[in-house]
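Dear colleague,

Please read them with the coordinates open.

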Amino acid sequence: AISESKEKPVIAALTATATPEVKEDIIKQLKIENPAVFVSGFKRDNLEIICIKTKNDTDKMSKIVSICQKVSGPKLIYATTRKSVEDIVTNLSANGINASQYHAGMTAEERKLAQDMFVNGHSNLLVSTNAFGMGIDKSNIRMIIHCNMPGSIEAYYQEIGRAGRDG
């Protein structure tokens, strides 16, 4: 028998990292009344966070190259501008490291190709602005480098959260 009930359907809205404002916006946009909100811990014991002091941009690039040569598996490098992304890819290439790039200055087709190559394992190093990553489900990212500090702690946490999802 088919129920003729006029009840609203059950809705579950999930997000890995959301500020209180974003949570409220989700509730408002989905028109959820009296929601049950569950927040689990944010601690990720499998992530190791390291801060490396550099003297200047040349020193920073040298350290990035060295780290990329030592760490195996998929890697993400975040930079704040298109120019920084392009400069990093150029420097990595000059040091024999194959890297793809992803930023808003690329065509939609170029971005899709770079994303697909990275997600499907055909490219193990992607240098990107923060335009990359929303909705990306790649469980085995082994390293994330921030060349510049993200705009907020929430952005930082969301970006580092893309690493080690496979435990």
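By class, the lining of the largest pocket comprises 17 nonpolar, five polar and five charged residues, where Ala, Val, Leu, Ile, Met, Phe, Trp, Tyr, Cys and Pro count as nonpolar, Asp, Glu, Lys and Arg as charged, and the others, Gly among them, as polar. The model is predicted, so that local features need pLDDT of at least 70 and side-chain atom pairs pLDDT 80 or more, while totals for chains, interfaces and linings use all residues. Residues are numbered from 1 along each chain as its sequence is written, and side-chain values use heavy atoms, with hydrogens and water left out.

Of the 27 lining residues, I50, C51, I144, I145 and H146 lie nearest the centre of the largest pocket (a pocket is an open set of points on a 1 Å grid over the protein atoms alone, where a 1.4 Å probe fits, with protein on both sides within 12 Å along at least five of seven lines; lining residues have an atom within 4 Å of a point).

K138 is in the loop between strand 3 and strand 4 (strands are DSSP runs of E, at least two residues, numbered from the N terminus). K138 counts as buried, at 6% relative accessibility (buried means under 20% relative accessible area, with a 1.4 Å probe and protein chains only). Its side chain reaches the backbone oxygen of F118 at 3.3 Å, and the K138 side chain also makes a polar contact with that of N140 at 3.4 Å (a pair of N or O atoms within 3.5 Å, one able to donate a hydrogen and the other to accept it).

T129 is likewise buried, with a relative accessible area of 8%.

Best regards

Notes
Buried means under 20% relative accessible area, exposed over 50%, partly exposed in between (1.4 Å probe, protein chains only). Helices (H or I, at least four residues) and strands (E, at least two) are DSSP runs, numbered from the N terminus.
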